[in-house]
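Me: I am new to reading protein structures. Please take me through one, feature by feature.

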Amino acid sequence: MLPTAASLQGKPVPQVTFKTRSGGQSRDITSDELFKGKTVVVFALPGAYTPTCSSAHLPRYNELAPALRGHGIDDIICISVNDAFVMDEWRRGQEAEHVTMIPDGNGEFTAGMGMLVDKRALGLGQRSWRYSMLVRDGVVDTMFIEAQDENDQEADPFEVSDADTMLRHIAPDASAPEPVVMFSKPGCPFCARAKAVLKARGIDFTDISQDSKITTSVLRAVSGGTTWPQVFEGGRLIGGADEVVAHFGPAPVVQPEAEAAASAGGGA
């Protein structure tokens, strides 16, 4: 039987030393390093590379991480009962640069939370139940725990521990940013201009550059246009560089004296 959200709220997180790995280096990280003096969002899931975790749970937290940080969150942590090598490879494969991946290899943190469940029927051994929580200075503020059906050991619901639910809880009036994609062409000055606008505005975007598969024919089939770039937001075509400026606003103009001061400061 899993604990209730109410029974965990107001309690400190378990004190554990995690065996992590990043950039080819192993490192021990304690619970205090992750939580002390910080406001942190945690989401826990059954396992790296599993379908829901890879297709929805992790990617959406990574996508909404800037919005969460913009509302006072210091870090977004993913915890799974996997070893450090698996979690590090999964992070790289998912391009989850906005999420801190924490392997709970021995299940100590998960057991301390009361969230360790038997997944032997699926060949997974002991794993974490799916949940999310808001932690302030090492103390659980809010919990979202997926409903458990004790008669169905293979069930893996995904209804309340998602990133959108957490963002709505933290900032009810916040709107989730729409994903932005740009089809660009190497050496294209209009593409460079559009990228500069998006970067200056702090807008995360995916750049799909022309290659043997992304041809002008593909561009026309997708956007209806034949000029580069073509930028999309949330499934809607914005257009080329001029349309990007009109939609998102122009890139801020850097005054020469400010630019010179910045260069001088950078060389100090």
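Reply: First, a term. A helix is a DSSP run of H or I with at least four residues, a strand is a DSSP run of E with at least two, and both are numbered from the N terminus. Also keep in mind that this is a predicted model.

Me: How many helices and strands does the chain have?

Reply: There are 10 helices and 13 strands. The C-alpha atoms fill a box of roughly 60 × 50 × 40 Å along the principal axes.

Me: What share of the chain is buried?

Reply: Buried means under 20% relative accessible area, and exposed means over 50%. Of the 268 residues in this chain, 41% are buried.

Me: Now a single helix. Which residues of helix 9 are buried?

Reply: Here is the general idea. An α-helix has 3.6 residues a turn, so residues three or four places apart point the same way. Now the case. Helix 9 spans residues 241-248, and its buried residues are Ala241, Val244, Val245 and Phe248. These four sit on the same side of the helix because they cover an arc of only 100° around the axis.

Me: What is exposed on the other side of helix 9?

Reply: Asp242 and Ala246 are exposed there.

Me: What do the buried residues of helix 9 pack against?

Reply: Their partners are strand 10 (180-184), helix 7 (189-200), strand 12 (230-233) and strand 13 (236-239).

Me: Which residue follows helix 9?

Reply: Glycine 249 does, and its phi is positive, near 95°.

Me: Which residues have a positive phi although they are not glycine?

Reply: Tyrosine 49 is one of them, with phi about 70°. Tyrosine 49 lies in the loop between strand 3 (39-45) and helix 3. Glutamate 95 is another, at about 55°. Glutamate 95 lies in the loop between helix 4 and strand 5.

Me: Why does glutamate 95 count as exposed?

Reply: Its relative accessibility is 59%, so glutamate 95 counts as exposed. Compare threonine 17 in strand 1. Threonine 17 counts as partly exposed because its relative accessibility is 41%.

Me: What does threonine 17 touch, beyond residues up to four places away in sequence?

Reply: Threonine 17 touches Asp28, Ile29, Thr30 and Glu108. Look at that last partner. Threonine 17 and glutamate 108 are 91 residues apart in sequence, and their C-alpha atoms are 8.9 Å apart in space.

Me: Where is there a cis peptide bond?

Reply: Look between tryptophan 228 and proline 229, where omega is about -5°. Proline 229 is in the loop between helix 8 (216-223) and strand 12.

Me: Last topic, pockets. How much space lies in the largest pocket?

Reply: About 620 Å³. Its lining has 21 residues, and Asn62, Glu63, Asp204, Phe205 and Thr206 lie nearest the centre. Helix 3 gives the largest share of that lining, 5 residues. By class, the lining has 10 nonpolar, 5 polar and 6 charged residues.

Me: How much space lies in the second largest pocket?

Reply: About 220 Å³. It is lined by 15 residues, with Thr20, Arg21, Ser22, Ile29 and Met101 closest to its centre. Strand 1 (17-22), strand 2 (25-30), helix 4 (84-94) and strand 5 (100-103) each supply at least two residues of this lining. By class, 6 residues are nonpolar, 5 polar and 4 charged.

Conventions: Residues numbered from 1 in each chain as written. Predicted model: local features only at pLDDT ≥ 70, side-chain atom pairs only at ≥ 80, totals over all residues. Heavy atoms only, no water. Buried < 20%, exposed > 50% of the residue type's maximum accessible area, 1.4 Å probe, protein only. Arc of directions from axis to C-beta. Contact = heavy atoms within 4.5 Å. 1 Å grid on protein atoms, 1.4 Å probe; cavity = no way out; pocket = protein on both sides within 12 Å on 5 of 7 lines; lining within 4 Å. Points joined across faces, edges and corners; volume = space filled by probe spheres on them. Nonpolar A, V, L, I, M, F, W, Y, C, P; charged D, E, K, R; others polar.
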